[in-house]
Amino acid sequence: QGVLYVVATPIGNLGDISDRMREILAMVSRVAAEDTRRARQLLSHIGVNKPCFSLHEHNERQKLDYIVQQLSEGESIALISDAGTPLISDPGYPLVTELRAKGLKVVPIPGPCALITALSAAGLPSDRFIFEGFLPAKQGARLTYLKNLLKESGTIIFYESSHRIKASLSDMQQVFGSDRHVVIARELTKTFETFLDGELSEVSQILDDDPNQCRGEFVVMLRGAAKANEALSVESQELATKLIEYLP
Ligand code: SAM
């Protein structure tokens with residue numbers, strides 16, 4: 001029987017390609033990729049020529065039978081996404097669940113992942129953290145989502161795009177207070193890699209003052225709620241959030 005290899009790829013810096021990743025991509029029969037054009041660029045960079053087929057959130061379920069058949073015929077497949085680790089805010093979850101349920105072999109080939117890369121250098125508590133992926137696009141839903149995190153005491157990690165980074169930070173200020181400690185990691189492993197560290201109001205101000213700081217890809221990491229007086233501080237934050245609605 002074949003194996004599905006879940007292969008992490010670089011999040012910007014091609015120097016992060018590992019020997020094992022090369023080996024696996026050179027060995028499999030096919031590559032299932034979120035975007036086949038990007039996959040071919042990566043494969044050509046490592047001198048590998050392999051048939052690629054697309055696997056993204058809209059066709060993942062349809063491709064399942066094909067992949068099961070390939071694996072049953074003894075062909076191995078590598079799953080890659082546009083960047084980083086598949087399944088982490090990327091396609092692959094229904095596929096891996098289904099293959100495991102069918103008793104087929106799934107093997108991870110570890111490598112870059114933006115949230116872990118960001119957390120490893122942020123200086124925020126890393127013993128307990130919660131990954132929330134992308135926040136809702138609409139402000140109402142985003143505020144509701146954030147309010148549900150008020151009691152969270154572990155570091156809270158989000159992915160964010162350049163289009164919404166300012167709006168999300170502004171909503172975080174409204175919900176968690178302007179003095180909550182935040183670290184944002186931008187363009188990790190790339191030329192303009194930047195960590196901004198400070199209170200929510202300070203980091204938002206930096207983005208307001210310098211449009212270049214709003215470009216690229218972001219990981220936003222919020223310090224969790226303080227444990228001492230946690231109940232009181234959560235209650236007062238909730239009260240403050242309610243009062244803000246009545247301000248002119
Ligand atoms: N699977 C990927 C991983 O393992 O990190 C994440 C894919 S998700 C669709 C893309 C988001 O990840 C971006 O919007 C950004 O929030 C984050 N991201 C990816 N690469 C990044 C980088 N080089 N620097 C900062 N954030 C990055």
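Q: Which elements do the buried residues of helix 2 pack against?
A: In this predicted model, the buried residues of helix 2 pack against helix 1 (19-27), strand 2 (30-33), strand 3 (52-54) and strand 4 (77-80).

Q: And which residues of helix 2 are the buried ones?
A: Helix 2 spans residues 36-45, and its buried residues are Ala-39, Leu-42 and Leu-43.

Q: Why do the buried residues line one face of the helix?
A: Start with the general idea: an α-helix has 3.6 residues a turn, so residues three or four places apart point the same way. Now look down the axis of helix 2: the buried residues fall within an arc of 100°, so they line one face. On the other side, Arg-37, Gln-41, Ser-44 and His-45 are exposed. Just after helix 2 you'll find Gly-47, with a positive phi of about 70°.

Q: Okay, on to sheets. In what order do the strands of the parallel open sheet come?
A: The general idea is that strands of a sheet pair through backbone hydrogen bonds, either parallel or antiparallel. Here, 5 strands make an open sheet with parallel pairing, in the order 3-2-4-1-5. Strand 3 and strand 5 (105-109) have a single partner strand each, so one side of each is left without a neighbour in the sheet. On average, neighbouring strands are turned by 25° against each other, direction ignored.

Q: How many bridges join strand 1 and strand 5?
A: Strand 1 (residues 3-7) pairs with strand 5 in the parallel sense over 5 bridges. To see one spot, find Tyr-5, which stands opposite Val-107 in strand 5. Helix 1 packs on this sheet, touching strand 1, strand 2, strand 4 and strand 5, and its direction makes about 140° with that of strand 1.

Q: What is the strand order in the sheet with mixed pairing?
A: That open sheet has 5 strands too, in the order 6-7-10-8-9. Strand 6 (129-134) and strand 9 (194-199) are at the edges, each with a single partner strand, so one side of each lacks a neighbour in the sheet.

Q: Last one: how many residues surround the ligand?
A: The shell holds 24 residues, and the closest are Gly-84, Ala-114, Tyr-159, Leu-188 and Glu-217. By type, the shell divides into 11 nonpolar, 7 polar and 6 charged residues. Helix 5 (114-120), strand 7, strand 8 and strand 10 each supply at least two of the shell residues.

Note on methods: Residues are numbered from 1 along each chain as its sequence is written. This is a predicted model: local features need pLDDT of at least 70, side-chain atom pairs count only at pLDDT 80 or more; totals for chains, interfaces and linings use all residues. A residue is buried if 20 or more other C-beta atoms lie within 10 Å of its own, exposed if 12 or fewer, and partly exposed in between; C-beta atoms are placed from the backbone. Helices (H or I, at least four residues) and strands (E, at least two) are DSSP runs, numbered from the N terminus. The arc is that of the directions from the helix axis to the C-beta atoms. Two residues are in contact if their C-beta atoms, placed from the backbone, lie within 7 Å. Two strands pair if DSSP finds at least two bridges between them. A residue is near a molecule or strand if its C-beta atom, placed from the backbone, lies within 6 Å of it. Ala, Val, Leu, Ile, Met, Phe, Trp, Tyr, Cys and Pro count as nonpolar, Asp, Glu, Lys and Arg as charged, and the others, Gly among them, as polar. Axes are lines fitted to C-alpha atoms, for helices over the stretch in contact, and angles run from 0 to 180 degrees between N-to-C directions.
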